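Subject: Structure for your files

Hello,

Here is the structure you asked about, with notes on the pockets, cavities and salt bridges below.

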Amino acid sequence: MPSTIIDSAIFGDIFSTPAMRAVWSDENRTRKYLDIEAALARVQGRLGIIPQEAADEIVANCSLDKIDMATLKAQTERIGYPVLGVVSQLNALCRDRLGEYCHWGATTQDITDTATVLQMREALDLVEEDLAGLSVALATLAKRHRDTPMIGRSNLQQAVPVTFGYKMAGLLSAVERHRERLAQLRPRVLMGEFAGASGTLASLEHGAMETQAGLMEELDLAQPVIAWHTIRDTIAEVGCFLGLVGGTLGKLSMDVKLMMQTEVGEVYEPFAHGRGSSSTMPQKRNPISSCYIHASISVLRQHTAALLDAMVADHERSTGPWEIEWIVLPEAFCLLAGALKQARFVVSGLEVDAERMRANLEMTNGLVASEAVMMGLGRHIGREYAHDLVYDLCREAVRQNRPLLDLLAETPEISACLSRAELAKLCDPANYLGQSGVMVDRVLDRVKNPVRG
């Protein structure tokens with residue numbers, strides 16, 4: 001019975017996805033071992049390193065349905081690694097001892113690392129697909145709400161106006177950078193491993209580098225310039241990429257949670273009957289997907305750190321750091337897949353209350369326009385003096401619970417410079433959106449005309 005949140009029959013499709021779990025499954029991992037062994041046999045057969053008859057026999061038996069998974073489990077527990085168990089079964093499947101040519105010149109880590117890279121390629125394809133979908137959903141919101149004014153917040157306090165489209169475009173810009181990062185890292189990290197015991201390929205007297213090159217061509221992977229058995233920056237880079245994407249999803253979920261607060265009420269996660277309800281408080285509409293995202297990416301960050309820790313490996317083949325990757329890399333991908341799924345759900349169906357956004361802009365009786373007034377008045381009496389004058393009037397507006405506009409118009413030093421109509425224009429939050437629209441358009445234009453690595 002599954003015992004982790006990722007494999008749970010109840011929680012599994014909340015915190016991950018079937019597609020990502022399939023990538024990191026025992027079956028897919030073992031299939032990758034067989035794909036590599038078959039490719040190695042084909043290449044070495046062509047090069048005359050092993051008999052062509054042996055190559056053909058090995059390839060014919062590199063089929064997952066011929067591997068006894070229960071036996072493989074027992075072999076792995078006894079040996080410590082699954083690759084040798086696969087090779088042993090494959091050898092036994094081949095006729096006339098031709099299977100003895102299987103795994104010729106390779107070492108366990110060559111096959112394991114290359115299989116991991118093949119799995120990462122499939123997993124990164126899924127991440128790329130989700131990022132593209134999230135980009136479309138964010139772009140839709142950014143365009144639709146390009147000019148929808150809302151309050152910007154600093155230190156959880158009301159600051160100056162922005163637009164909701166601007167807020168979404170900011171997140172969209174990060175997603176687009178992640179897509180660029182993904183394109184840029186692929187050539188570096190999708191690199192196979194075939195180097196032998198200590199990385200020197202001494203196990204092959206002839207055709208070593210030709211075998212390596214041919215194998216990578218067969219698998220459509222980059223050929224390493226030197227062994228990377230204990231040089232793990234490429235795996236760690238993938239972990240850091242996953243962590244960065246998770247951080248952006250966490251930012252999204254944090255803002256949605258805060259904007260869903262009863263006292264704020266500016267956006268809501270998509271509605272479904274009973275979703276987010278409380279067992280005891282019928283009025284509740286809790287953020288659900290945002291909570292799942294927050295939890296997932298918090299654990300993901302720790303996995304990123306663990307992958308960085310795994311870089312500290314000893315000598316040419318390590319004693320323990322390598323196995324860290326076995327544990328955390330699949331979980332990191334699975335958790336990110338779940339967070340991306342939840343993020344796409346939230347953004348695609350986000351309920352936006354523009355009227356509540358406007359009401360929140362006006363709740364301070366015009367105080368959110370204080371910077372606009374200060375800058376407008378500063379042209380006449382100096383910015384610093386205007387700042388101090390408006391600062392005092394803001395405190396007085398709070399004390400008297402009166403609109404800032406009234407106090408501004410009643411102040412002789414200000415009314416001598418600006419009419420009430422001019423002050424009213426300055427006090428309208430919709431008139432102080434700066435370059436929000438321009439910035440939204442720039443982000444949307446970048447989405448239409450992407451720059452990829």
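Is K32 buried or exposed? K32 counts as buried, because its relative accessibility is 6% (buried is under 20% relative accessible area, exposed over 50% and partly exposed in between, with a 1.4 Å probe and protein chains only).

Some ground rules before the rest. This is a predicted model, in which local features need pLDDT of at least 70 and side-chain atom pairs count only at pLDDT 80 or more, while totals for chains, interfaces and linings use all residues. Residues are numbered from 1 along each chain as its sequence is written, and side-chain values use heavy atoms, with hydrogens and water left out.

Salt bridges

The structure holds 29 salt bridges (a side-chain nitrogen of Lys or Arg within 4 Å of a carboxyl oxygen of Asp or Glu). K32 pairs with E122, with 2.8 Å between the closest N and O atoms. K32 lies in helix α3 and E122 in helix α7, so the pair ties together parts 90 residues apart in sequence. Helices (H or I, at least four residues) and strands (E, at least two) are DSSP runs, numbered from the N terminus. E122 is partly exposed, at 29% relative accessibility.

E237 and R188 form another salt bridge, at 2.5 Å from N to O. This pair links helix α10, which holds E237, to helix α8, which holds R188, across 49 residues. E237 is partly exposed at 23%, and R188 is partly exposed at 44%.

R358 and D428 meet at 3.2 Å, N to O. R358 is in helix α13 and D428 in the loop between α18 and α19, 70 residues apart. Separately, E53, E57, R95 and D96 are linked in a network of salt bridges.

Pockets

The search uses a 1 Å grid over the protein atoms alone: a cavity is a set of points where a 1.4 Å probe fits but cannot get out, a pocket is an open set with protein on both sides within 12 Å along at least five of seven lines, and lining residues have an atom within 4 Å of a point. Grid points are joined across faces, edges and corners, and a volume is the space filled by probe spheres set on the points.

The largest pocket has a volume of about 910 Å³. Its lining has 33 residues, and G152, R153, Q157, Q158 and A159 are the closest to its centre. By class, 17 are nonpolar, nine polar and seven charged (Ala, Val, Leu, Ile, Met, Phe, Trp, Tyr, Cys and Pro count as nonpolar, Asp, Glu, Lys and Arg as charged, and the others, Gly among them, as polar). Among the elements that each supply at least two lining residues are β1, β2 and α8. L156, in the loop between β1 and β2, has a positive phi near 65 degrees and counts as exposed at 69%.

The second largest pocket has a volume of about 510 Å³. It is lined by 21 residues, with D26, R29, Y33, P82 and W326 nearest its centre.

Cavities

There are two cavities of 30 Å³ or more.

Regards
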